[in-house]
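I open this notebook to record what I looked up, entry by entry. Each entry takes one topic.

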Amino acid sequence: MKQVTTDEQQHQLEQHAEQQRVDKVTTEISQQLADTTDKLAQAHQETHRIEVNYGDNTKVNVTEIDDKMETNAAVQQQKNLVESAVETEKILESQVTVLKDLADSPYFGRIDIDEDGDKDTLYIGTATLQDDQENFLIYDWRAPISSIYYNGTLGQVTYDTPGGKQAVDLEKKRQFLISQGKILNMFDTNETVGDEILQTVLGQQNDEKMRNIVATIQKEQNDIIRNTTADLLVVQGVAGSGKTSAILQRIAYLLYHSRSQLDADQIILFSPNRLFSNYISAVLPSLGEKNMRQVTLAEFLTQRFSGLTVESLFERFEKDQHSFPAVAKQLRLYKESAAFMDRVKAYVKKTDGHILAFSSIYFEGKPFFKKSEIQDIYSSLPKLMLPRDKFLNTKNTLIKRLKRRIKQDAHSDAVQEAVSLLDEYQYQSLTNHRTFTSGDDEINFVARALVRKRYEVIYDAIYNDYFIDIYEEYSSFLRDNRPVDIEPKLWDTMIQQTVNDVEAHKIHLEDAVPLLYLRDLLTGSGQNHSMQYLFIDEMQDYSAAQLVYVKHAFPRAKLTLLGDSAQDVFTAEYHPSDFIHEIENIFPHNRIALFTLLKSYRSTKPITDFAKAMLPNAQDIEAFSREGSKPAYYLCPSEDTALTQMTRLTNDLLHTNKTVAVLTKTEYQANKLYASLRADHPVTLMSDRDRSIPNGILILPIYLAKGLEFDAVIGYDVSKSSYHEAGDRDILYTLASRAMHDLQLVGIKAPSPILEEIPQDLFDYYQVTEAQELIAKSVE
Ligand SMILES: Nc1ncnc2c1ncn2[C@@H]1O[C@H](COP(=O)(O)OP(=O)(O)OP(=O)(O)O)[C@@H](O)[C@H]1O
């Protein structure tokens with residue numbers, strides 16, 4: 001008993017000393033904050049002064065740089081001045097943000113090390129802080145030495161330095177929970193990063209935005225975050241294991257370590273939906289970094305197909321629920337395979353005199369360059385030339401011919417007359433204050449500029465490759481590539497259907513990437529060489545063909561792919577194989593580093609235990625030991641009873657949670673439920689166009705909740721009629737694993753057979769009867 005008190009006293013003494021250090025550091029932070037705020041105000045005035053001095057036309061316009069300005073060196077110099085002033089302001093702004101965050105919680109960790117007899121105590125936080133003597137008061141969590149905090153247990157440990165591995169003796173590791181400059185809690189730990197603080201963090205209510213996890217990164221997550229050697233990093237991680245968190249902290253890490261060569265704009269993340277994009281948008285700024293680019297697959301494909309609507313994964317999933325015959329599965333599997341993309345490549349390589357399908361370029365309703373003329377140019381080129389070089393040659397010839405036409409037309413009487421009729425303003429806008437050596441020279445210039453303007457649409461058509469009939473070419477490719485196990489008649493019908501769809505400006509998802517690949521390979525376009533890192537979250541939702549295409553589109557980017565084969569919501573129904581094995585086949589030449597995350601942090605232990613029991617490999621998933629109540633299942637005899645039950649559950653849950661997410665399998669179910677509940681409740685129906693998550697009761701199909709998490713989740717209509725196919729297991733698992741603290745499921749008439757396989761002690765099962773319903777209502 002006495003010992004306990006002594007320990008406690010000792011702890012209090014140490015906490016007191018630590019608090020004094022926190023106070024000292026926060027005083028320093030306040031001073032630096034005041035200085036930086038002053039500098040920011042001065043910088044702001046300076047930017048304003050430069051802008052006013054040089055007038056409006058030098059305002060920095062980062063999206064559109066005017067060609068004319070670029071040629072004018074003096075203006076360019078002024079523009080540089082403004083840009084550098086704006087840049088200084090931005091840097092100071094971000095320093096202010098970082099210092100404000102540090103003022104609240106300056107650090108979260110301490111390590112005491114002994115390096116060859118040299119003892120040192122280091123404090124680790126979200127950013128570096130030095131005093132005016134250049135002493136490190138706080139080390140950035142990404143500094144090489146900070147890795148000890150995440151990786152090492154006490155004793156001999158090593159960390160990477162630019163000069164190789166360095167060994168030190170780790171003597172103490174301490175964790176802090178600091179808020180508003182006060183230590184709320186501190187622990188000494190021998191584990192990599194101890195459980196106590198993690199318990200507190202995970203037990204908190206969900207914000208609308210994801211938070212950074214730098215204070216509690218776990219060892220296995222740290223290995224992913226700090227890996228810089230793999231070309232292709234693949235993470236298979238169970239639901240809630242921190243895959244998305246790892247991506248974001250990894251980006252922050254890469255930006256810190258390649259500060260001079262890497263910009264956030266050279267990193268792109270393919271995210272599962274727009275809600276997710278918004279949900280994660282605060283993590284990097286909270287670490288003092290700019291957000292990377294983000295795109296969903298649907299957005300990426302739509303950008304690449306101008307004028308054509310690409311079917312989205314969500315639309316296709318909804319359609320599949322109504323009808324998805326075996327032959328359609330077979331066709332889709334074939335078109336989504338890496339082998340199909342190989343066939344595209346082989347088709348393009350064909351050098352047996354195949355002439356591309358071209359289309360005429362029209363001007364004012366008449367062909368300007370006829371299809372036959374384009375074909376002649378193409379077929380006159382050497383047979384062995386690569387198709388993309390032939391195409392570029394053809395394109396250049398067309399541009400040359402257009403220029404020649406412009407020159408000729410400029411001399412025509414009609415154009416010369418038009419020049420003489422130009423008013424002053426029109427004339428000046430064509431000459432752009434240029435000086436000319438003679439009058440003839442000037443008139444010729446203006447005449448050519450006039451014709452060039454007129455033919456701009458033709459130039460655009462050539463420039464944008466509109467003269468290749470890529471859809472016809474794709475049909476021709478399909479005609480050449482029928483798989484042996486598909487009947488010719490069926491294959492032809494599919495081709496005709498594809499042609500009809502294109503005429504109606506639509507394209508099926510499974511045709512999108514083979515078509516783009518074909519276009520890119522034939523025309524030598526479509527590749528972005530500036531992207532250095534590419535991340536794909538929820539990679540199990542990507543077909544092998546899509547991965548091949550994404551890699552092709554960003555050839556220089558190092559890839560990080562993260563996914564969970566158990567959350568295969570969209571393709572489990574027809575695509576049983578494990579994506580990890582496919583990756584190795586798709587990228588045989590890459591150095592692949594494979595990581596596995598098995599511990600789930602998001603949900604309470606009872607929820608994780610319940611969710612994982614749906615899976616065949618349940619034993620592989622480890623729940624983080626956070627307590628909570630068991631999930632509950634309510635089987636209702638009718639839809640009406642289920643709706644009443646929903647009302648009761650949502651009311652109850654809203655007492656303790658800001659947000660209650662009601663997840664359905666399909667959009668149809670979500671719409672129907674919304675229509676029934678909205679009269680009596682303030683509910684929000686979410687769609688794939690939404691970008692942010694409001695508080696209150698939300699209704700959404702599970703696929704829109706991919707990657708997200710909610711304090712409380714109700715799965716609606718978890719019944720035999722909705723969840724009975726093999727692939728439904730993944731959907732229900734994904735649904736259950738969205739809940740952090742509370743999970744309730746409502747079934748109608750008969751329970752899903754998946755639930756019947758789950759051990760009964762893992763959840764509470766209630767059979768709601770009409771009689772109970774009546775009693776409950778009369779009590780209310
Ligand atoms: N080391 C950690 N410290 C604190 N919180 C963590 C840690 N790792 C994960 N979490 C929390 O666990 C939750 C799940 O993390 P995250 O969304 O990154 O997992 P995921 O593997 O991408 O999940 P899913 O595949 O189910 O969408 C988040 O709330 C995250 O903040």
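I took two strands as paired if DSSP finds at least two bridges between them. Helices (H or I, at least four residues) and strands (E, at least two) are DSSP runs, numbered from the N terminus. The model is predicted, and I noted that local features need pLDDT of at least 70, side-chain atom pairs count only at pLDDT 80 or more, and totals for chains, interfaces and linings use all residues. Residues are numbered from 1 along each chain as its sequence is written.

Entry on the sheet. I looked up the bridge partner of Leu534 in β16 and found Leu559. Strands β15 (residues 533–536) and β16 (residues 558–563) run parallel and are joined by 4 bridges. I then traced the open sheet, in which 6 strands follow the order β10-β9-β15-β16-β8-β17 with parallel pairing. At its edges are β10 (293–296) and β17 (592–597), each pairing on one side only. On average, neighbouring strands of this sheet are turned by 15° against each other, direction ignored. For angles, axes are lines fitted to C-alpha atoms, for helices over the stretch in contact, and values run from 0 to 180 degrees between N-to-C directions. I defined contact as C-beta atoms, placed from the backbone, lying within 7 Å. Helix α10 (residues 297–304) lies across β9 (267–271) and β10, and runs at about 85° to β10.

A residue counts as near if its C-beta atom, placed from the backbone, lies within 6 Å of the molecule. I found 22 residues around the ligand, of which Ala239, Gly242, Lys243, Thr244 and Ser245 come nearest. The elements giving two or more residues to this shell are α5 (195–203) and α7 (243–257). I sorted the shell into 7 nonpolar, 11 polar and 4 charged residues. In this sorting Ala, Val, Leu, Ile, Met, Phe, Trp, Tyr, Cys and Pro are nonpolar, Asp, Glu, Lys and Arg are charged, and the others, Gly among them, are polar.

Entry on Phe570. Is this residue buried or exposed? With 20 or more other C-beta atoms within 10 Å of its own a residue is buried, with 12 or fewer exposed, and in between partly exposed, C-beta atoms being placed from the backbone. Phe570 is buried because 24 other C-beta atoms lie within 10 Å. I located Phe570 in the loop between β16 and α24 (579–586). Leaving aside neighbours within four places in sequence, Phe570 is in contact with Leu313, Phe317, Asp541 and Tyr703.

Technical notes:
Two residues are in contact if their C-beta atoms, placed from the backbone, lie within 7 Å.
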